[in-house]
Amino acid sequence: LKTSDVLDILVPILYFVNDAKKDQSLLGLMHIGVFILLLLSGERNFGVRLNKPFQPAISMDLPVFSGNYGDFVIIVVHLLITAGHERLASLYDCLLTVLVNISPYLKSMSLVAASKLVHLFEIFAAPQFLIAAPSNHHLVFFVLEILNNIVQYQFDGNAQLIYCIIRKRAVFDKLANLPD
């Protein structure tokens, strides 16, 4: 974890996890991949290494972006949550914990990754989603913690995220003004 070699295993893990979202028979593979990501994200050196510029080595079904490996992780997690099967809902906590763990180290985010993060907040803060299950409010807390970590620890390099938050301020206001 003390060298950039860890990024060489990150891309295949995210590739297989992203690819497995389409096939329910690969759910076990997805769980293993997410668990490995969770273990890696707990290490400070891993989070710091994610600031290296992303150079795609394999073709994946991702939006075009120019950024770092942290952006890559955010975009894949967004895809897993938004385009995955409903059986993946049990992994939402783990996927968001990965983002919480790496968020204090993300020095600069691309506009694509920043908008994906704010979109996750938009999804989880929707009143329909919040009342759908008793524990759904935890997912909003996770996304708020991600945003807070980035703003608190890496404010200077993340103007794109600040722009996205300001642009979607109505979503934040709507959550703040939910009836009791």
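Trainee: At what angle do helix α4 and helix α5 pack, and how far apart are their axes?
Mentor: In this predicted model, α4 (residues 69-83) and α5 (residues 92-102) pack at an angle of about 165 degrees, and their axes are 11 Å apart. Axes are lines fitted to C-alpha atoms, for helices over the stretch in contact, with angles from 0 to 180 degrees between N-to-C directions. Helices are DSSP runs (H or I, at least four residues), numbered from the N terminus.

Trainee: So is α4 roughly parallel or antiparallel to α5?
Mentor: That angle makes α4 roughly antiparallel to α5 (over 145 degrees; under 35 is roughly parallel).

Trainee: Which residues meet there?
Mentor: V73, I74, V77, L80 and I81 of α4 meet Y92, L95, L96, V98, L99 and I102 of α5. Contact here is heavy atoms within 4.5 Å. The residues of this contact divide into 11 nonpolar, no polar and no charged. Nonpolar covers Ala, Val, Leu, Ile, Met, Phe, Trp, Tyr, Cys and Pro; Asp, Glu, Lys and Arg are charged, and the others, Gly among them, are polar.

Trainee: And how do α1 and α2 cross?
Mentor: The axes of α1 (residues 6-20) and α2 (residues 27-41) come within 9 Å and cross at roughly 145 degrees. From α1 the contact includes V6, L10 and I13, and from α2 it includes L29, M30 and G33. The residues of that contact divide into 13 nonpolar, one polar and no charged.

Trainee: Changing topic: how many salt bridges are there?
Mentor: The count is one salt bridge, meaning a side-chain nitrogen of Lys or Arg within 4 Å of a carboxyl oxygen of Asp or Glu. The side chains of K168 and E122 form it, at 3.5 Å from N to O. K168 is in the loop between α9 (159-167) and α10 (169-176) and E122 is in α6 (residues 111-124), so the pair ties together parts 46 residues apart in sequence.

Trainee: What about the accessibility of K168?
Mentor: K168 is partly exposed, with a relative accessible area of 27%. E122 is partly exposed too, with 27%. Buried means under 20%, exposed over 50%, and partly exposed in between (1.4 Å probe, protein chains only).

Trainee: Is S110 buried or exposed?
Mentor: S110 is buried, at 9% relative accessibility. The residue sits in the loop between α5 and α6. Beyond its neighbours within four places in sequence, S110 contacts F65, S66, D71 and Q160.

Trainee: Anything to know about the numbering and rules?
Mentor: Residues are numbered from 1 along each chain as its sequence is written, and side-chain values use heavy atoms, leaving out hydrogens and water. Local features need pLDDT of at least 70 and side-chain atom pairs count only at pLDDT 80 or more, while totals for chains, interfaces and linings use all residues.

Key: Helices (H or I, at least four residues) and strands (E, at least two) are DSSP runs, numbered from the N terminus. Angles under 35 degrees count as roughly parallel, over 145 as roughly antiparallel, 65 to 115 as roughly perpendicular and the rest as oblique.
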